[in-house]
Amino acid sequence: MALTSELEDYSTQQLFHVLAVDDSLIDRKLLEKLLTVSSCQVTCVESGDKALEYLGLLDNLDNDSTSSSSLSSSSQQEAMKVNLIMTDFCMPGMTGYDLLKRVKQKSSWKDVPVVVMSSENVPSRINMCLEGGAEEFLLKPVQLSDVKKLQPRLLKSLNYNNNNNNASKRKAAAREPSERRPILKSLHCSVNM
């Protein structure tokens, strides 16, 4: 597959960096393993607040100057290289949807793809996340096939970051159908890949 070889060639130059956000340790470990097997660098955090802190957005939202000082400069540099954010929808405190909205509000992160995950197939929740700017909505448990389907989005994100942040390229990208995409309102879309 040409895309896989292109990704492998590119990954030798620069690893895809995924920020994985989930309050469940088991789900974080599973996601970390799937992403690592797919040649991604993974940073796992257990809450939306920790994700915002990692991205350097917590101090901007809370006007707390001590938050940014708690991150080392190497962590801040790594956060600047995040190519994809994957977040659980149901988390205590800040939901995945809340995190999505806060990330999309900030001009420095608004074009980074966000994937929302949930173990519940709730059409209104799925629509809300997709309309709120989520790149994809995945049903848990996430599988290797789901991660592989995200690789073109990662590649586009890397190309976007390397092309002086030209937002129109990512916006023009068409969404790929997926047999694991949640079913919205009894509509069945059968796709053979």
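The sulfur of Cys129 sits 9.5 Å from the closest cysteine sulfur, which belongs to Cys90, and that is too far for a bond. Welcome to this structure, which is a predicted model. Below is a short tour of its cysteines, one of its cavities and one of its helices.

**Cysteines**
- The number of disulfides comes to zero.
- A disulfide needs two cysteine sulfur atoms within 2.5 Å, so the 9.5 Å between the sulfurs of Cys129 and Cys90 rules out a bond there.
- Cys129 is buried, and its relative accessible area is 0%.
- Cys40 is buried too, with a relative accessible area of 7%.

**Cavities**
- The model holds four cavities of 30 Å³ or more.
- Around the second largest cavity you will find Asp22, Asp27, Leu30, Leu31, Met117, Lys140, Pro141 and Val142.
- Helix 2 (residues 25-37) gives the largest share of this lining, with three residues.

**Helix 3 and what follows**
- In helix 3 (residues 48-55), the buried residues are Gly48, Ala51, Leu52, Tyr54 and Leu55.
- These residues lie on the same side of helix 3, because they cover an arc of only 160° around the axis.
- Just after helix 3 comes Gly56, which takes a positive phi of about 80°.

Notes: Residues numbered from 1 in each chain as written. Predicted model: local features only at pLDDT ≥ 70, side-chain atom pairs only at ≥ 80, totals over all residues. Heavy atoms only, no water. 1 Å grid on protein atoms, 1.4 Å probe; cavity = no way out; pocket = protein on both sides within 12 Å on 5 of 7 lines; lining within 4 Å. Points joined across faces, edges and corners; volume = space filled by probe spheres on them. Helix = DSSP H or I, 4+ residues; strand = E, 2+ residues; numbered from the N terminus. Buried < 20%, exposed > 50% of the residue type's maximum accessible area, 1.4 Å probe, protein only. Arc of directions from axis to C-beta.
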